[in-house]
Amino acid sequence: MPTYSASFGGRAGKEKSSNTSKEKKSKSKCPICRKSGHEGSECSRRPEGGIPPGGIEFGSKKSGAGSSIAHKQSKKFNNSNSNSSSTSNSHLLPLPPPFTRRSDHLDDPPPSFLFADAGSDVSSVLDILSQTGGKKSKKTPETEYNVQLTKDTPWNFAGSIVRVTVHPKKGFNLDSEQNAKIIAALSPSLCWFSIGLSAGCLVSKNDAEDEDSDDSEFDGEEYSSETSSVSELFDSALTKNDSVVSLFSSLDYGKSTITKGGFDRKSQLRRLRTTMRCAHNNKVPVSVRLKNDEGTEEVEDLLNTILTYKPRALHLNAWSGTGEDMLRILKAGADADVQVYVGFSGNVAFSKATRHLKNSVFDCPLDRLLLETDGPNSIPTPVTNAYNRTAFSHAGLIPFVGDAVATARGAESCCVDVVRSASINLAKLYGGVVAESLSEAKASERRAEIEAEEQAEENCIDEESTDGVENNNDLESLNPELLPPPPPSPPKKKKTKGGKKKGVAEPTPQPDANELEEDFDDMFFNKKKL
């Protein structure tokens with residue numbers, strides 16, 4: 001029978017490899033390098049003069065089982081160190097100047113305005129945190145979100161506008177489990193909601209037709225009941241809850257999205273037109289997200305819808321399209337007397353951000369610009385570099401988004417000016433409770449609270465120091481004759497030149513000869529009397 005080599009996995013090769021492994025195991029290992037094949041006297045690492053009593057430590061060894069250095073270079077050790085450093089208070093993410101945290105001393109004059117996140121998807125971030133945390137994490141996703149938000153957020157952060165989807169059958173309720181988690185994650189900051197329809201609402205019943213739909217098909221008998229239920233949902237949510245400040249919808253005609261159920265073009269258009277109609281009737285802004293970066297059909301459908309329904313204001317969420325399309329929408333809004341604002345997210349900070357996105361940031365007027373953190377994938381680059389795998393997007397990262405936008409706009413813009421302009425634009429766009437929460441009066445109140453807290457801390461420190469001084473003064477005011485005597489000082493031990501040796505008693509001093517004679521005479525005299 002032919003024999004095969006061990007590299008090809010033949011029978012002879014397997015037997016040979018097994019035999020050699022048994023021989024290697026039987027050989028003794030070197031006590032210095034722990035390798036077989038030679039003895040300690042023949043080892044190349046044997047030091048001159050023999051092996052020291054304490055053994056040999058090879059600090060330059062970078063691999064091997066049981067090596068402490070190899071353990072410190074392992075992925076598990078690095079991940080644990082990165083998690084501990086990210087969660088400790090001593091390692092805080094540096095904020096873009098001049099933003100400061102609430103715990104920082106306000107020696108330098110900080111920004112005197114409040115800012116907010118124009119659009120975030122907190123529920124998606126919480127879902128990802130629940131998946132990545134697993135059973136080992138003792139914190140709930142909303143607690144982990146809140147801890148990171150508190151640690152990275154400047155003192156003048158007011159709140160965030162959160163996008164949530166609803167269904168007419170379930171309705172919108174602030175006490176629902178999803179909304180309660182969102183409010184707990186953002187606490188104590190404010191939370192406003194922008195509600196939109198889920199994918200299962202207003203699904204077109206004739207998906208096979210490719211002809212453009214008009215308004216007549218949305219008013220037919222087959223859609224009238226569902227459309228009226230959606231209108232009732234939006235009307236009740238806007239009238240009963242002050243925290244609901246706008247409605248939102250999205251358009252995405254990408255190949256990977258349009259083939260899904262409920263995401264065909266007609267279904268998306270039905271939801272968009274119904275949302276804009278309800279926003280126009282309730283006189284609230286409408287937020288629209290165009291997710292296809294290079295799509296022109298979405299832009300055309302949005303322009304036609306704006307001219308048809310003319311909402312009070314339009315917010316383009318997380319814009320990632322071209323500058324030409326953005327300017328077209330801004331011009332169409334001005335012609336239709338619709339205020340259009342453009343929001344940018346942390347994608348601007350990416351090193352691989354598309355050129356047309358940066359051109360859009362540069363071309364956008366400063367009085368129409370908004371800042372938002374968007375979804376879980378829009379993490380600014382400085383945050384990712386600081387926290388690595390533990391980083392996630394939260395509403396307190398607006399200063400980093402403003403810094404990226406200011407960098408893309410050039411030297412004429414700075415971070416604080418961009419964030420201040422975005423805050424003013426957000427108050428103009430949404431008005432109501434949002435404008436009231438971002439007012440100068442609220443900013444001065446927040447600043448006064450922080451100064452009061454700092455003053456209270458300084459007073460506590462002063463009281464502790466004065467208490468110690470008063471105790472010393474009370475002792476000095478007492479009559480020195482009534483004070484107890486000071487404790488006797490311990491006798492000083494004399495040390496020899498060579499130092500005190502362990503286990504050797506000190507020599508006793510020898511008496512003089514005259515003293516011995518006097519003691520002997522006294523003893524003899526007393527004995528004679530007796």
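User: Why is Leu197 called buried?

Analyst: In this predicted model, Leu197 has a relative accessible area of 11%, and buried means under 20%, with exposed over 50% and partly exposed in between, for a 1.4 Å probe and protein chains only; Leu197 is therefore called buried. Local features need pLDDT of at least 70, side-chain atom pairs count only at pLDDT 80 or more, and totals for chains, interfaces and linings use all residues. Residues are numbered from 1 along each chain as its sequence is written, and side-chain values use heavy atoms, with hydrogens and water left out.

User: Which residues is Leu197 in contact with, leaving aside its neighbours within four places in sequence?

Analyst: Contact means heavy atoms within 4.5 Å, and the residues that meet this for Leu197 include Thr165, Val166, Val230, Phe248 and Arg271.

User: What makes S3 the strand in which Leu197 lies?

Analyst: Strands are DSSP runs of E with at least two residues, helices are runs of H or I with at least four, and both are numbered from the N terminus; strand S3 covers residues 190–197, and Leu197 lies in it.

User: How do you know that S2 and S3 pair?

Analyst: Two strands pair if DSSP finds at least two bridges between them, and eight bridges join strand S2 (residues 157–166) to S3, the two running parallel. The bridge partner of Ile161 in S3 is Trp192.

User: What makes S1 and S8 the edge strands?

Analyst: Eight strands form an open sheet, with parallel pairing, in the order S1-S2-S3-S4-S5-S6-S7-S8. Strand S1 (115–120) and strand S8 (369–371) each pair on one side only, and they are the edge strands.
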